[in-house]
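Visitor: I am new to reading protein structures. Could you walk me through one, feature by feature?

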Amino acid sequence: LLLNVRSKMGREIALDCSGSLMKVGDKLSVLVIARDISERQRMEEALKESEERHRSLFELAPDGILTSDLKGNVTSVNEAFLRITGFSREEIVGKHFTRLPTIREIDMPNYVKLFFSYLRGKRGGPIEFTYCRKDGTLAWGDAHPAVLKEKGKVTGFQVVLRDITERKKAEAKVKESQHKFERLFMGVPEAAVYVDPHD
């Protein structure tokens, strides 16, 4: 039985009470044992609030986030990840990363190598890669992998994904434009000099 009582000093105390019947001489008495669980309740509430804040940050993050356990099974994805890839939560969560529909078969050896390097404690920077959307189109992503720890022990992995498809397309257009200009410039029969106005 849980009871909330107020102490003489006005502080609220949460008590976990248990009672039992016992015989003392000829009389039947009730033995009540009460434990103060106020501190435990405060810690549980603080933990719950922390988890709710973390969940809000996870779901409202603008970048896609995917987490997995140490075996490589996906444990969670946020809304941004689903929006970026077009897949539903059911199509991603619970699957081993080698079975994800977002990964091309040709790229799988690199992902497996990366996964095991993180298991061995090696770390790397951001990775640019190609991934598959549900509509069949290929897109570019910028991934930031990291390990998840609890009390100093590695418990899983997290990948933060940012879609950089538009940036890659813009870079490709600039490169193509430069090549066209170079071919045109080198093909001019007369002597020509190009001066960069920014130098």
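Guide: We will go from the overall plan to sheets, salt bridges and the surface.

Guide: This is a predicted model, where local features need pLDDT of at least 70, side-chain atom pairs count only at pLDDT 80 or more, and totals for chains, interfaces and linings use all residues. Residues are numbered from 1 along each chain as its sequence is written, and side-chain values use heavy atoms, with hydrogens and water left out.

Visitor: How many helices and strands are there in the protein?

Guide: Start with how they are assigned. Helices (H or I, at least four residues) and strands (E, at least two) are DSSP runs, numbered from the N terminus. Here the protein has 5 helices and 8 strands. Along the sequence, the pattern reads β-β-β-α-β-β-α-α-α-β-β-β-α.

Visitor: What holds the strands of a sheet together?

Guide: Strands of a sheet pair through backbone hydrogen bonds, either parallel or antiparallel. Two strands count as paired if DSSP finds at least two bridges between them. Take the open sheet of 3 strands, with the order 1-2-3 and antiparallel pairing. Its edge strands are strand 1 (2–6) and strand 3, each pairing on one side only. The twist averages 45° from one strand to the next. Axes for such angles are lines fitted to C-alpha atoms, for helices over the stretch in contact, and angles run from 0 to 180 degrees between N-to-C directions.

Visitor: How many bridges pair strand 1 and strand 2?

Guide: There are 5 bridges, in the antiparallel sense. For a residue pair to look at, find L3: it stands opposite L15 in strand 2.

Visitor: In what order do the strands of the 5-strand sheet run?

Guide: The order is 5-4-8-7-6. This sheet is open too, and its pairing is antiparallel. From one strand to the next, the twist averages 35°. Now follow strand 6 to strand 7 (residues 138–150): 6 bridges join these antiparallel strands.

Visitor: Next, side chains. How many salt bridges does the count come to?

Guide: A salt bridge is a side-chain nitrogen of Lys or Arg within 4 Å of a carboxyl oxygen of Asp or Glu. By this rule the count is 11. One of them joins R89 and E79, with the closest N and O atoms 2.6 Å apart. R89 lies in helix 3 (residues 89–92) and E79 in helix 2 (residues 79–85), so the pair ties together parts that are 10 residues apart in sequence.

Visitor: Which residue does E128 meet in a salt bridge?

Guide: E128 meets R167, at 2.6 Å from N to O. E128 is in strand 6 and R167 in helix 5 (residues 165–186), so the pair ties together parts 39 residues apart in sequence. E128 is partly exposed at 39% relative accessibility, and R167 is partly exposed at 38%.

Visitor: How far apart in helix 5 are E166 and K169?

Guide: They are 3 residues apart, about one turn of the helix. E166 and K169 form a salt bridge, with the closest N and O atoms 3.8 Å apart. E166 is exposed at 56% relative accessibility, whereas K169 is partly exposed at 48%. Salt bridges can also share partners: E128, R167, K168 and E171 are joined this way into one network.

Visitor: Which residues make the nonpolar surface patch?

Guide: Patches are made of residues with over 30% relative accessible area and no salt bridge; like charges are joined within 9 Å, nonpolar side chains (Val, Leu, Ile, Met, Phe, Trp, Tyr) within 5 Å. Here L21, L28, V30 and V32 make a nonpolar patch of about 440 Å². Strand 3 (residues 27–36) gives the most, with 3 residues. L21 is in strand 2 (residues 12–24), and L21 is exposed at 62% relative accessibility.

How values were computed. Buried < 20%, exposed > 50% of the residue type's maximum accessible area, 1.4 Å probe, protein only. Areas by Shrake-Rupley, 256 points an atom, 1.4 Å probe, with all protein chains shown as cover.
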